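Subject: Structure for you to look over

Hello,

Here is the structure I said I would pass on. Please open it alongside this note; what I found follows below.

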Amino acid sequence: MACSSGKIIFLEGVFAGLFIYGVLNFVKLKGIRIMSGFSANYSQMVMPDHINVVGTLFGGQMIAWVDLAAAKVAFRFLKGADIDGAVTRAIEKVEFKEPVYLGDWVNFTATVISSGRTSFCIEVEAYAEGRHSQSRLACVATVIMVAVKKDADGNYQKTAHGKTG
């Protein structure tokens with residue numbers, strides 16, 4: 001039995017390694033840069049007007065806060081770039097993991113995880129903590145933002161941000 005279990009663990013490690021190798025090759029092929037060092041924290045308290053009909057945080061409110069957390073790290077990431085700001089292009093994935101209740105604090109950590117020429121990808125984790133509960137992962141999301149600059153006609157256009165992390 002121990003030998004069989006060891007083989008399974010070995011194979012899981014091999015498959016995980018092949019998966020990571022494949023992802024890294026895809027990232028290299030697409031010209032995406034893996035980022036490190038750009039993160040920001042943001043916190044919100046859940047108030048009565050944030051609650052849905054079942055007594056938990058309304059999902060749309062959580063998504064709005066996720067977008068704010070992403071905007072905060074985008075501001076830091078783009079500091080010094082010749083751009084006017086960044087806009088949310090897509091919120092690709094949102095997963096609600098645990099309910100959040102009235103009076104809980106929701107603490108967000110937003111991290112730039114990759115960057116292209118004009119856009120960059122942010123991972124946001126939201127941890128809820130109540131007066132009588134431990135911190136728990138309540139939501140994770142992936143947000144794509146695009147750097148923009150105002151053109152001569154006053155319209156915002158996507159533009160290269162020149163950041164590599």
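Helix α2 has 19 residues. From first C-alpha to last, α2 reaches 27 Å, close to the 27 Å expected at 1.5 Å a residue. Please keep in mind that this is a predicted model.

Which residues of α2 are buried? They are Met62, Trp65, Val66, Ala69, Ala70, Val73, Ala74 and Phe77. These buried residues pack against five strands: β2, β3, β4, β5 and β6.

The largest nonpolar core holds 31 residues. Within this core, Met62, Phe108, Ile122 and Val124 touch the most other members. Two or more residues each come from β2 (39–45), α2 (59–77), β4 (105–115), β5 (119–129) and β6 (136–150). The largest share is that of α2, with eight residues.

Met62 deserves a click. Leave aside residues up to four places away in sequence, and Met62 touches Leu57, Phe96, Val100, Val106, Phe108, Ala126, Ala138 and Cys139. Phe108, on that list, is also among the residues that touch the most other core members.

Next, β6. Strand β6 is mostly covered, with 12 of its 15 residues buried. Its pairings are as follows:

- With β3 (residues 85–96): the two strands run antiparallel and are joined by 10 bridges. Thr88 stands opposite Met145 of β6.
- With β5: the pairing is antiparallel, again over 10 bridges. Ser119 has Val146 of β6 as its bridge partner. A hairpin of six residues links β5 to β6.
- With β7 (residues 156–158): three bridges join the strands, which run antiparallel. Lys150 of β6 stands opposite Tyr156 in β7.

What lies between β6 and β7? The hairpin there has five residues between the strands. Gly154, in this hairpin, takes a positive phi near 85 degrees.

If you have only a few minutes, start with two places.

Best wishes

Conventions:
Residues are numbered from 1 along each chain as its sequence is written. This is a predicted model: local features need pLDDT of at least 70, side-chain atom pairs count only at pLDDT 80 or more; totals for chains, interfaces and linings use all residues. Side-chain values use heavy atoms; hydrogens and water are left out. A nonpolar core is a set of buried Ala, Val, Leu, Ile, Met, Phe, Trp, Tyr and Cys residues joined through side-chain atoms within 4.5 Å. Buried means under 20% relative accessible area, exposed over 50%, partly exposed in between (1.4 Å probe, protein chains only). Helices (H or I, at least four residues) and strands (E, at least two) are DSSP runs, numbered from the N terminus. Contact means heavy atoms within 4.5 Å. Two strands pair if DSSP finds at least two bridges between them. The expected span of a helix is 1.5 Å times one less than its number of residues.
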